[in-house]
Amino acid sequence: MINQLLEHAPLAQFSVQNDCLQIGGMALTRLVDRVGTTPFYAYDRKKITERVELLRQNLPPEILLHYAIKANPMPAVVQHLASLVDGMDVASAGEMRVALDTILTSEKISFAGPGKKVHELRSAIAAGVVLNIESPQEMESIAQQGVDLGIAPKVAIRINPDFELKSSGIKMSGGSKPFGIDAECVPDVLKRLDLLDLDFVGFHIFSGSQNLNAAAIQEAHEKIVMLAIQLAEYATSPVKLLNIGGGFGVPYFPGDQPLDIAAIGVNLQRLIKRIKQQLPETAVALELGRYLVAEAGIYVCRVLERKVSRGQVFLVTDGGLHHHLAASGNLGQVIRKNYPVVIGNKVQGTAREIVSVVGPLCTPLDKLADQMVMARASVNDLVVVLQSGAYGLTASPTAFLDHPPPIEVLV
Ligand SMILES: *Cc1c(COP(=O)(O)O)cnc(C)c1O
């Protein structure tokens, strides 16, 4: 079984039988046989379901859960999640098409992101998707397209608050940002909105991403709700939906602790009470990407060669940064940290050693693991990168060096 030699906690999420990682109810070796090739990404539908259930158990029942498709847009994953969540957030016409192909009705889909093109606005308006307005100019453009099409576009105002989500891996608000309308400008924008033929749905306030600090998220939720209550006074029709963003992080690196979701739930319970008093017509949605899918996914590649260079062992694999940029360290991030990586068919192994896992690209950055302890591997053994269900394939430079892209399976 698993012992403390395995320095990465995420492995505890997977069961291991006969020293082989299990995924989708089968041994990894069997999955590799069925897929017939490496490298590939595999996403475990049961783990995705369990993740949504964990949220439903810990969050107030009034909270709507939305999935931010960009985290993992594989159509099968999106279809699976469509049966579990209350809405989806898209950021391009391509993602919108995938979302519209699900059982979710169009008003449950919202389209955010700066620089939406006219054809994207028109298809969203025609489909009845909610457009999150990122700027006053975009609002004018949406209204114009609505007049052309003879449809009042459904819109929400994306707000850039004057605070940020503290200790976030990725900050999306506070200060000057390309996202959303500065909070102090929202009263004027609402005034203008009222003169246009737009169907006002509500507010979208997204403040950051990859946050593992429950206290920081609670503080942001509190501020978001206060801001929404304050700005709702300037709206001439009720705020029907308040999208409070997400930002829930997952542990990727040694020392990362899973997010305290129960604490966030307790805090939201309190905030929901306040919203019921002050904005009785407002539903509250959380939009989550990686939290729903990251831990359900693995990336699997095969050892092609064991190479020793001046005492250091390299496992040369058929996978690499062209398929999984994030695990490689995002093209030279300041401090590269190892994702959790194991030998999938020898999780514990009989002997362990320090190795680096590399790919076929001609750059020293093509590294999936840098001097990590893992089971001693041989040619044909399977290297597994855990925590790979989000921002994997579609966030990687697959055209770099022109190798074929990996396949993806939902198991
Ligand atoms: C990217 C994004 C998300 C999802 O972020 P995660 O870190 O994957 O949860 C949610 N909302 C918006 C507006 C985004 O841009």
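Which residues touch the most other members of the largest nonpolar core? I looked them up first.

I worked on a predicted model, in which local features need pLDDT of at least 70, side-chain atom pairs count only at pLDDT 80 or more, and totals for chains, interfaces and linings use all residues. Residues are numbered from 1 along each chain as its sequence is written, and side-chain values use heavy atoms, with hydrogens and water left out.

**Cores.** I took a nonpolar core as a set of buried Ala, Val, Leu, Ile, Met, Phe, Trp, Tyr and Cys residues joined through side-chain atoms within 4.5 Å. Buried means under 20% relative accessible area, exposed over 50%, and partly exposed in between (1.4 Å probe, protein chains only). In the largest core, of 110 residues, Tyr67, Leu81, Met88, Ile157, Phe203 and Phe248 touch the most other members. I noted that helix H8 (residues 214-232) contributes the most to this core, 11 residues; helices (H or I, at least four residues) and strands (E, at least two) are DSSP runs, numbered from the N terminus. Apart from this core I found another, of 22 residues, including Cys20, Leu21, Ile298 and Val300.

**Ser388.** I located Ser388 in the loop between strands S21 (382-385) and S22 (407-410). Ser388 counts as buried because its relative accessibility is 1%. Beyond neighbours within four places in sequence, I listed its contacts (heavy atoms within 4.5 Å) as Tyr41, Tyr43, Ala294, Gly297, Ile298, Tyr299 and His324.

**Cys362.** I placed Cys362 in the loop between strands S19 (352-358) and S20 (367-375). Cys362 counts as exposed because its relative accessibility is 72%.
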